[in-house]
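User: I am new to this one. Please walk me through it in short steps.

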Protein chains: 2
Amino acid sequence: MTQTTPRTSPQIAPSVGFDRHDHSHCIADAVQAAEDLCAAQKLNFTPARRRVLEILLERHRAMGAYDILEILAAEGLGAQPPVAYRALDFLTSHGLAHRIERMNAYTACAHPGEDHVPAFLICRLCKAVAEAETGLEGGRLGDAARATGFVIEKVVVEAEGLCPTCAEAEA
Amino acid sequence: MTQTTPRTSPQIAPSVGFDRHDHSHCIADAVQAAEDLCAAQKLNFTPARRRVLEILLERHRAMGAYDILEILAAEGLGAQPPVAYRALDFLTSHGLAHRIERMNAYTACAHPGEDHVPAFLICRLCKAVAEAETGLEGGRLGDAARATGFVIEKVVVEAEGLCPTCAEAEA
DNA sequence: TTATGGGTTGATATAGTATAACAGTATCTG
DNA sequence: CAGATACTGTTATACTATATCAACCCATAA
Ligand SMILES: [Zn+2]
Ligand SMILES: [Zn+2]
Ligand SMILES: [Zn+2]
Ligand SMILES: [Zn+2]
């Protein structure tokens with residue numbers, strides 16, 4: 001019994017990394033990975049936390065906390081902002097989701113459990129998000145840090161532009 | 001008469017790029033550069049816009065819109081949020097200041113007039129900000145974009161950590 | 001068993017960030 | 001002068017996020 005929450009909408013999201021894929025499968029895999037990760041770390045993967053992760057996975061898009069809250073409220077899982085923010089805090093602090101600073105939005109992590117520095121490609125039209133990898137001190141940023149004696153602890157890399165689908169539609 | 005606004009506080013900011021420097025001189029230079037840029041592009045460098053740029057330059061730190069507004073209000077330049085946001089919109093849209101997404105804050109541009117992709121090094125203790133350079137499509141992010149067919153239009157790179165001074169104090 | 005403590009939830013209130021909208025004013029231009 | 005444009009003043013509102021405290025669940029230790 002790993003499916004504790006209702007599914008009120010069909011699986012509509014078309015892309016990860018902007019590629020079509022078997023999305024029901026990708027959701028199930030990611031939820032299972034989260035389940036395993038929480039079990040291993042003795043974390044409490046509660047219904048609200050699970051459901052928020054599922055919501056993010058279903059869309060494969062950057063979503064605002066209040067967008068998520070609206071869905072939770074419709075499903076009877078809570079209607080006050082802290083409900084969404086607490087679940088998002090849990091997911092982001094344990095590497096199951098990321099915050100997109102530029103959009104005040106959140107998205108499911110594509111590599112849960114792997115310690116990594118995410119870099120995002122965000123479509124300004126459809127809000128689809130792809131997660132790439134970057135290093136903490138690579139490239140010119142690392143050069144600048146070393147040159148000045150700055151100690152990098154965390155890096156945010158977010159690119160905005162057009163995904164392949166929207167770029168084509170645009171042209 | 002390029003100095004139209006009052007100076008209510010001494011020149012206290014100690015660093016740019018985390019180096020000590022002749023700060024009064026650096027402010028004057030930057031304001032003059034802004035002046036020239038606006039003249040060349042027939043932009044209206046109004047008192048409020050000039051004063052907000054000066055405020056950002058004086059601190060050499062990331063400042064919130066409401067921090068800036070507080071100073072403007074004390075100087076009789078306006079007390080409502082749009083006053084600050086309008087000036088910041090002007091400065092950011094013409095490359096005279098940047099927004100730091102991670103902090104909901106703003107900082108003066110270190111290279112006004114030069115078309116560039118800024119990357120920021122932000123001290124989590126003293127909030128000092130250094131502006132480095134990066135490319136729009138360099139490194140692994142560009143690789144990922146090309147691999148997926150994503151068209152990058154804008155990039156945000158923000159590193160958080162400790163500046164040399166705070167790192168030393170920490171140890 | 002009860003007690004205690006940690007973590008989670010429910011609910012209210014409030015803080016912090018940003019924009020919409022519209023009237024008024026100044027300036028330029030035909 | 002009329003009309004266009006741009007900036008300012010002001011009010012109201014929207015959007016994002018956190019503080020706080022009481023209630024609850026559950027594991028564990030006295
Ligand atoms: Zn998927
Ligand atoms: Zn798109
Ligand atoms: Zn300076
Ligand atoms: Zn510092």
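Analyst: First, a term for metal sites: donors are N, O and S atoms within 2.8 Å of the metal (3.2 Å for Na, K and Ca), and since water is not among the atoms, sites may look incomplete. The model is predicted, so local features need pLDDT of at least 70 and side-chain atom pairs pLDDT 80 or more, while totals for chains, interfaces and linings use all residues. Residues count from 1 along each chain as its sequence is written, chains are lettered from A and ligands numbered from 1 in the order written, and side-chain values use heavy atoms, without hydrogens and water.

User: Which residues coordinate the zinc ion (ligand 4)?

Analyst: The donor atoms are SG atoms, at 2.2 to 2.4 Å from the ion. In sequence the donor residues follow the spacing C-x2-C-x36-C-x2-C. The residues are C123(B), C126(B), C163(B) and C166(B).

User: What is the arrangement of the four donor atoms around the zinc ion (ligand 4)?

Analyst: Four donors count as tetrahedral if all angles lie between 85 and 135 degrees; square planar (four) and octahedral (six) need opposite donors over 155 degrees apart and all others between 65 and 115, and anything else is irregular. Here the angles run from 104 to 113 degrees, so the arrangement is tetrahedral.

User: How many residues apart are C123(B) and C163(B)?

Analyst: Helices (H or I, at least four residues) and strands (E, at least two) are DSSP runs, numbered from the N terminus. C123(B) sits in strand β3 (residues 117–123) of chain B, and C163(B) in the loop between β5 (151–162) and α6 (164–170) of that chain. The pair links distant parts of the chain, and the separation is 40 residues.

User: Are C123(B) and C163(B) buried or exposed?

Analyst: Buried means under 20% relative accessible area, exposed over 50%, and partly exposed in between (1.4 Å probe, protein chains only). Both C123(B) and C163(B) are buried.

User: Which residue forms a salt bridge with E160(A)?

Analyst: A salt bridge is a side-chain nitrogen of Lys or Arg within 4 Å of a carboxyl oxygen of Asp or Glu. The closest N and O atoms in this pair are 2.8 Å apart. It joins strand β5 (residues 151–162) of chain A to the loop between β1 (97–100) and β2 (105–108), 58 residues apart. The partner, partly exposed at 22% relative accessible area, is R102(A).

User: Which residue of chain B forms a salt bridge with E58(B)?

Analyst: The closest N and O atoms are 3.0 Å apart. E58(B) is buried, with a relative accessible area of 5%.

User: What is the area buried between chain B and chain A?

Analyst: The size of an interface is often given as the accessible area lost when the parts come together. Buried area is the accessible area (1.4 Å probe) that two parts lose on being put together, summed over both. Contact means heavy atoms within 4.5 Å, and 36 residues of chain B are in contact with 36 residues of chain A. Carbon and sulfur atoms give 60% of the buried area, which is about 2,900 Å².

User: Which element gives the most to the side of chain B that touches chain A?

Analyst: The count between the two chains is four salt bridges, one of them between E153(A) and R124(B), with the closest N and O atoms 2.6 Å apart. On the chain B side, β3, β4 (129–134), α5, β5 and α6 each give two or more residues. With twelve residues, the element that gives the most is β5(B).

User: Is N44(B) buried or exposed?

Analyst: Its place is the loop between α1 (23–40) and α2 (47–59) of chain B. Leaving aside neighbours within four places in sequence, N44(B) is in contact with R49(B) and F90(B). At 53% relative accessibility, N44(B) counts as exposed.

User: How many helices and strands does the secondary structure of chain A come to?

Analyst: From the N terminus on, the elements run α-α-α-α-β-β-β-β-α-β-α. Buried residues make up 47% of the 171 residues in chain A. The secondary structure comes to six helices and five strands.
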